[in-house]
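Visitor: Please show me how to read a model of this kind, one feature at a time.

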Amino acid sequence: MLTNKDNRMQITADQCRAARSLLNWTQDQLATNASVSRATIVDFESNTRQPMKNNLRSIADCMFAAGIEFIPEDGNSGVGVRFRERKLEYTSNVRIDRFNRAATMRMRYAGEDFLCVIDLDAVDDHHRANFATDEEFGKAISDILHMVLTAAERFAPTDIRDGKLIITYDMLQSS
């Protein structure tokens, strides 16, 4: 099992195959949901090649957003995979407000309604681009929705203020 410098668990090839099986996803579906190539999935699952860090994070994040929990090695117990309790509910409607440089989505965490506010500068920074239209921002957010949902679920318990959770670039990168 690999860990990154933040000591967050990174998934193994065995865990990837097991999680994909729990979700009943093909390699193509995982590649699409994680925004990586199918070859990345095939090579990783066959232990041919370790994906780049950002691709591995994207694979793990999209499975987390789909309801998977990766279990780290613990003493005599090996790594594992299971469905996790899902506390986050959301609507897929995203409202873009370029004037205020924010996109918003209605969400609920553990029964508490809140507005998820996605910093559009964070979206630009993540994609290393400068989007100009609502359509471009909508597509860019759709491409990283699994990261937004992962960040929202991780930070909602502690960072909702006045009914809002503001998703920053750092939150997206830590998800």
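Guide: Start with accessibility: a residue is buried under 20% relative accessible area, exposed over 50% and partly exposed in between, with a 1.4 Å probe and protein chains only. A110 is exposed, its relative accessible area being 56%. This is a predicted model, in which local features need pLDDT of at least 70 and side-chain atom pairs count only at pLDDT 80 or more, while totals for chains, interfaces and linings use all residues. Residues are numbered from 1 along each chain as its sequence is written, and side-chain values use heavy atoms, with hydrogens and water left out.

Visitor: Where is A110 found?

Guide: Helices (H or I, at least four residues) and strands (E, at least two) are DSSP runs numbered from the N terminus. A110 sits in the loop between strand 5 (102–109) and strand 6 (112–119). Its phi is near 50°, which is positive although A110 is a residue other than glycine. S35, also not a glycine, has a positive phi of about 60°. The loop holding S35 runs between helix 2 (27–34) and helix 3, and S35 is partly exposed at 45% relative accessibility.

Visitor: How many helices and strands are in the chain?

Guide: The chain has eight helices and seven strands.

Visitor: What does the radius of gyration say about the chain?

Guide: The radius is taken over C-alpha atoms, and the globule rule is 2.2 Å times the number of residues to the power 0.38. For 175 residues, a compact globule would come near 16 Å; the chain has 17 Å, which agrees. Its C-alpha atoms fill a box of roughly 50 × 35 × 30 Å along the principal axes. Of the 175 residues, 43% are buried.

Visitor: Is E45 buried or exposed?

Guide: E45 is buried, because its relative accessible area is 5%. This residue belongs to helix 3 (residues 38–45).

Visitor: Which residues is E45 in contact with?

Guide: Contact means heavy atoms within 4.5 Å. Apart from neighbours within four places in sequence, E45 touches A13, C16, R17, R20, Q27 and L30. A polar contact is a pair of N or O atoms within 3.5 Å; within protein, one must be able to donate a hydrogen and the other to accept it, and residues adjacent in sequence count only if both atoms are side-chain atoms. The side chains of E45 and R20 form a polar contact of 2.8 Å.

Visitor: How far apart in space are A151 and D61?

Guide: Their C-alpha atoms are 9.2 Å apart, although 90 residues separate A151 and D61 in sequence. A151 lies in helix 7 (residues 145–159) and is buried at 0% relative accessibility.
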